[in-house]
Every structure is written in structure tokens, then in C-alpha cells.
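Reader: Hi! I'm new to this one. Could you walk me through it?
Author: Happy to. Here it is.

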Amino acid sequence: MKRTLVAATALCGLALATTACGGDTKAASDSGPAAGDQKLKGQTVTVAAVWTGVEQQNFQKVLDGFTAQTGAKVAYVSTGDNFATVLGSKIEGGDSPDVAMVPQPGVLKEFAGKGWLQPLSPDVKGAAEKNYAKIWQTFGTVDGTYYGLYFKTSDKSTVWYSPQALETAGVQPPKTFAEMLDAARAVSDSGLPAFAVGGADGWTLTDWFENVYLSQAGPENYDKLTRHEIPWTDPTVVKALTSLSRLFGEDDLLAGGRKGALATSFPDSVAHVFGKSPKAGLVYEGDFVGGVISGDLGGKVGEDAKFFPFPSVDGGPAPVVGGGEAAVALKSGKNAKAAMELIAYLATPEAAGIWAKAGGFLSPNTKLDPASYADDTLRTAAKSLVDAGDTVRFDMSDQTPPAFGGTPGKGEWKILQDFLRDPSNPKATAARLEAAAAKAYKG
């Protein structure tokens, strides 16, 4: 859940930039959603999700499309950031929605384990097989049963940069991790620290690790480490930490040095690069960085800010780490038929296209026309996700026990912050990570 609020805020900003929210909020097409067979006219389906503000407004456009096709009314409930607790209380209190948009595989697994979820219908499964890479179905499957259809996703393998900073340093966007280090040194030599790192938010450091590890160790080891089938003392982990130490160990490459990085939040790390007084030339984080730039900072994505894919590490493929929300049907809902019809609708490129045109949205749907996206930046990020096919991997820390991968000041967050403070001993850091993981997975 740690990224939900950040992503919601950032993507809200991107949506503001692309839809001029508060002014013209017209639907995805000039003529509005096409009328369908109205087979659910008179029925109501309730949907719960974390989204508020502009994201809620844009999701409502998708729901309006469902209403136009089927006649069913849709009631939306926002859970806010504390999704699992709020939704669990509603279910146990007899006020369950029919459909929920689950933001973490761990929560989906928890809900399935409690018997709260209805397996998705053959129609939904067939649509997913037709329109999605198999990996996205895997993300929504628990113990062999398909429960969650991923509708909205994010690309967490984007490195954002100031074109002016790279031009001044005389470098081009790199293709490999080694080239990125060389480019960082060139930017630093030109008088501007290379990277702003939001080390005060430990989750940013888990994302750094995950991208390096996925490229260097490969998807199979990534999956094993996620499930704790190999220990964090494995040589592949030590190697990835060693690669990260090559960046974190050069104080001059970081805005404010390591000490400054540890005091920098994620939003501030973006502002350090794209604010009025730049303190760095690059910042790594997901596609939602664009929302902070165009919204909070008033920059123009594609001109003032661009990104390149997280580069290949030691000859491995360029990594693509993703995240997103999955639509599930709740057994305790009051309208099972309409719930499954809505999820089937969300599996279509037409549904994805409505939000894609509104902005602040990426879809794993391979049948969605790239021209549907609001701008070239989103189009590029979406292409990266789709082209990665089954090599995409879901954010690792979002899949681990929260005590290890999702708690400020504890577990992986704290240990990687300590590693940023002193990256000189990757083996010792790996040992600390394993001790924390072993305890969390047993719990």
C-alpha cells in the first residue's frame, strides 16, 4: 500500500495536466460511450477502490461507459489509502461492495485466503487470455484460482532526467547501468550532482534494488527471492547490492551526498531535479513522477522532463517492474451477476481506452490502441509494459510480508536506508536482509 497514496497524488497531477481538470472534463470520445443492450437496466453494482479526486473522476468515466452499455447503475466507494482495513471492515460489517480494485498482490492473496473472493468467470478468464500477457493473469491468481483482473498499472522502471542537464554534460540517455554511471559522473563533473535519491522514503530504495536485481539475476531468481525460496544471502542478492554500491558509494553523484539523500523524500527528490532551483540532473522512480512534474511543479513532460527505461545491468535485459490494481468480485456482494459483467467490461480495450484518453493511466491490455493515450510519455511507458510481455514482474516488496517489505523504519526499508548510509559491505547488508525476511515470512 506504500505507493498508493504517492501514485494517486502524482497521477492526479498528471491527469490535471492532461485533462485541464476543473474545466473541460468531457468523456473519452466526443460522442460519449456507445449505448449497449441495457441487459442490466434497473440493477446496481457497487465498486470500492483507493482512488479519490481526479483519479476517481476518470474511473467514473469508465463506469459511465459500463452503464451506457448495460444499463446498470454503478455506485463508487473510495476506501482511501488504508484499503485492506477499510474494505475488511465493510465486509465483516455486512456492507460489502460487489467489486473491489485491489492495489497489492499480498492483499489479494489475504482476501482469497479468507474466502472473501469469487473466482472470476470463464468469460472474464477468456477475455484476459485474449487481451493480456499471461503474467498479468498469474499476478491475479492464488493457489491456481483466478481472482483478480488487472485494470490499471504502473511502470516502475523509468529514470527521469532534465534534458538540459544531460545536454550540458554532453551525454545521451544510457542503455546500460555502466553507461548510466558514466553519464552520472559526466553530469556531476559539469557542476550538478547527478541523482536525487528519495532515501527518506525507504520504498524508493526497494525499487532501486528490484530493478537492478531483475535485470541482473533474471525473472526466475526474482520470483524465488519474492517467495523466499532462496535466501537474501544468495550470491545474486550480494551482486545486486554490490552494483547499487557503485552508485551509492560515490557521494558526489548524489544530491546532498548520502546524508542528503537519506533526508530527502520522494516528492522532494523530484523537485530537486525539476524544481525552480535544480539540485540534480536525474531521479529514478515510476511513471507517476510525471504527475509530480506536470502537477505540483508546473513543468512540461516531454520538454522540461523526459525519461529513459531503467538500463540493462551486466548484460541482462532491461528490467520492467510494474504495479497496479486488480478487479475482484466479493462473495459478500449483493449483485454477483452485475459484478462479473463489470469485471468482464474492464477487461476490454474499450474500457481501458476511456481512462487512457483522460490521462494518468497505464493498461496492460495488449489490444488497447496506443493512440488512445493522452500524451507521448504515457504512450512510451505503456509500450514498455506491453512489450515486456511475460518478463514483467510485480513490485517485489509489495508481495512480501508487510513486516519485511512495507513498514517504515523496519525490515527492508530500514536496512536499505542503512545501506545507503554506508554501502561498503553488501554481504553484511544481505545477512541483515535475510534475518529480517526469515522472521517476517515465518510470522
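**Strand β12 and its partners**

Reader: Which way do strand β4 and β12 pair, and over how many bridges?
Author: Strand β4 (residues 117–118) pairs with β12 in the antiparallel sense, over 2 bridges. Two strands count as paired if DSSP finds at least two bridges between them. Strands (E, at least two residues) are DSSP runs, numbered from the N terminus.

Reader: And what stands opposite leucine 117?
Author: That is leucine 330 in β12.

Reader: Before we go on, what kind of model is this?
Author: A predicted one: local features need pLDDT of at least 70, side-chain atom pairs count only at pLDDT 80 or more, and totals for chains, interfaces and linings use all residues. Residues are numbered from 1 along each chain as its sequence is written, and side-chain values use heavy atoms, leaving out hydrogens and water.

Reader: Thanks! Is β12 buried or exposed?
Author: All 10 of the 10 residues of β12 (residues 321–330) are buried, so the strand is largely enclosed by the rest of the structure. Buried means under 20% relative accessible area (1.4 Å probe, protein chains only).

Reader: Which residues point which way?
Author: Val321, Gly323, Glu325, Ala327 and Ala329 point one way, and Gly322, Gly324, Ala326, Val328 and Leu330 the other.

Reader: How many bridges join strand β7 to β12?
Author: There are 6, and β7 (residues 149–155) runs antiparallel to β12. Lysine 152 has glutamate 325 in β12 as its bridge partner.

Reader: What about β13?
Author: β13 (residues 393–394) runs parallel to β12, joined by 2 bridges. There, glycine 322 stands opposite phenylalanine 394.

Conventions
Buried < 20%, exposed > 50% of the residue type's maximum accessible area, 1.4 Å probe, protein only. Helix = DSSP H or I, 4+ residues; strand = E, 2+ residues; numbered from the N terminus.
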